[in-house]
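Let's walk through a protein model together, one region at a time. Please keep the structure open while you read.

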Amino acid sequence: MKTNIFKHILGLLVLSIIFIGCTKDFEEINTNPNNPAFVPTVNLIGSAQRQLTDDIFDEWFSGRQSLLWSQFWAQRNYTEEDRFGIRQGTNNTYFRLIYSDLMDLQEIITIASDDTRRPDIEANYGDPDGQIAVANILKAYVFQLLASTYGDIPYEEALRAREDNPITSPKYSSQKVIFLDLFAKLRAAANYLEAYEGDQIFTSGDLMYNGDAEKWARFANSLRLKLAIRLSKVTDAELVAARQQAITEASDFAFESNDDNAQITYLGDGQSNAPMYEGFITARRNDMTVSANFVDLLKGINDTLNNKTNPFQGIQDPRLAIWVPLRGGVYRGMPYGLVNQYASALRGVTANLYTPVNIVIAADATVAWMDYAEVCFILSELNGWDQEWYERGVRASLERWGAEGIDEFIAALPPASEETVLTQKYIALYMNGYEAWAEYRRTGYPRSIIEVGERTGPTATGEIMTFQAIIGNAIARRLTYPVQEYTLNQANVEAAAAAIGGDEFSTRLIWDRP
């Protein structure tokens, strides 16, 4: 696992409190008079942003799960995860850690809602109501990610372990309840922040927007659009109404440039290194690289093995040179889904993110939760595959990554259509594997994804293989609940599994319809 063992120990210690609970006497006995009863909200916001970014976009939860399932990456070693041989230890740990990280955001809401603390916040740390709004925006992002990964999850009763009557075995909420509440909370946050006339929501500590209320409002509205497009196939009347309200209200005040991107830039100074750097360089792992099918998509090459036409045939993407290192003078990715022996034999000739250090695993990398390009592609889809929004999305992604030849590339692209917009959206989501995987499940694009039973290769000896999953006969539609939940929260997780139609990789979520 990660080299930062202390972080895991701390996370598990916190989780033992969250899920086991402690008595009132224990808290009284262990109160340290030398520590403040409340941590300042400006400390909590930075801690939550950093820990969530570290945990969601790291080598394990991202590199060995979502970046593989979205087929941006393939394994050079230990290819079981490419083929859905999930490490339950990783699943257990990160389900717990992400809920643990969310506790900092919940603590901000608790402190900022406390009438005895609000004057102190106003005098020293910013605007308490704005801080509640920001905490709810960040919670909404994380909960939509969890709901889009697992389905029903602990929500209404989650994060209540520090209350006077703590809930240590939370019930699971339905996806409908979760999405409706996320729409409501994001709407309230956006409305408050759009009208805010003060200086800073947080006087310090905010790693994303430095307390800028307008940018937080734009992030809230951009998330509303993300939820609206995620639910594009739902027919439930309440969800349809909430979706339409979000589209109507949020479209004109979402991200308007890359300056609005919700992202964190690491310092790269040893104390603040980007999570992929920690996995690849600090931990000295080199197990993942860019997949061959993603490289061929960027090169404008057809998938002749599976008779799939590249919608950008003959057009080389300028991001190819940024994301894929040359190996032997050529761009060559790892064929996706090979068994270990065949993948290992190709290590010497496929792209290597480790040497030289690629931009996505640099110590001072910028990690984006959501960017302007994604919003542009959403608005293109919402407006009937609009050409202008399509081109804006492509341009925004190219500019974000520092590509050259932008005008020429855009001029060469085929016009906006369902396939071209969604495939360019997929490309722009590089390094955001969970979103790309969700979009493939929702839309079936890009066609470059290799499904179970399709052909992959060649191997080092020129053989063409068939992609065989370890579990299931198709790309996973969700991640199964952590095994540890069946020990710590058995009745509730079993009820959730029954409610969604079975705790299987093949179970479709409410928005995932053929």
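Is Cys376 buried or exposed? Cys376 is buried, with a relative accessible area of 0%. Here buried means under 20% relative accessible area, exposed means over 50%, and partly exposed lies in between, using a 1.4 Å probe and protein chains only.

Before going further, two notes on how to read the model. It is a predicted model, in which local features need pLDDT of at least 70 and side-chain atom pairs count only at pLDDT 80 or more, while totals for chains, interfaces and linings use all residues. Residues are numbered from 1 along each chain as its sequence is written, and side-chain values use heavy atoms, with hydrogens and water left out.

Cys376 belongs to helix α15. Helices (H or I, at least four residues) and strands (E, at least two) are DSSP runs, numbered from the N terminus. Leaving aside residues up to four places away in sequence, Cys376 touches Trp389, Arg392 and Gly393; contact means heavy atoms within 4.5 Å. Cys376 and Ile500 are 124 residues apart in sequence, and their C-alpha atoms are 32 Å apart in space.

Now look at Leu52, in helix α3. Leu52 is buried too, with a relative accessible area of 1%. Again not counting residues up to four places away in sequence, Leu52 touches Phe57, Ile98, Asp101, Leu105, Val142 and Trp369. From Leu52 to Leu97 there are 45 residues in sequence and 8.6 Å in space, C-alpha to C-alpha.

**A covered helix and a covered strand**

How many residues of helix α19 are buried? For α19, residues 433-443, the count is 11 of 11. Among them are Tyr434, Trp437 and Tyr440. The buried residues of α19 pack against several helices, including α3 (41-56), α7 (128-150) and α15 (372-382). Just after α19, Gly444 has a positive phi of about 85°.

Strand β6 (residues 366-370) is mostly covered as well, with 4 of its 5 residues buried. Its antiparallel partner is strand β4 (residues 262-265), and the two pair over 4 bridges; strands pair if DSSP finds at least two bridges between them. Within this pairing, Thr366 in β6 is the bridge partner of Thr265.

**The nonpolar core**

A nonpolar core is a set of buried Ala, Val, Leu, Ile, Met, Phe, Trp, Tyr and Cys residues joined through side-chain atoms within 4.5 Å. The largest one has 158 residues, and Trp73, Phe219, Phe294 and Trp323 touch the most other members. Helix α7 gives this core its largest share, 14 residues.

Most residues other than glycine have a negative phi, and most peptide bonds are trans. Tyr78 has a positive phi of about 55° although it is not a glycine. Tyr78 sits in the loop between β1 (73-75) and α5 (88-112), and is partly exposed at 39% relative accessible area. Trp385, also not a glycine, has a positive phi of about 60°. Trp385 is in the loop between α15 and α16 (387-400) and is partly exposed at 24%.

Which peptide bonds are cis? The bond from Tyr445 to Pro446 is cis, with omega near 10°, and so is the bond from Gly457 to Pro458, with omega near 5°. Pro446 is in the loop between α19 and β7 (455-456), while Pro458 is in the loop between β7 and β8 (465-466).

**Salt bridges**

A salt bridge is a side-chain nitrogen of Lys or Arg within 4 Å of a carboxyl oxygen of Asp or Glu. By this rule the model has 32 salt bridges. Here are some of them.

| Glu107 | Arg162 | 3.3 Å |

Asp512 is buried at 0% relative accessibility, and Arg477 is buried at 11%. Elsewhere, salt bridges that share partners join Glu59, Arg64, Arg285 and Asp287 into one network.

Why are Glu214 and Arg218 about one helical turn apart? Because they are 4 residues apart in helix α9. Glu214 is partly exposed at 42%, whereas Arg218 is buried at 6%.
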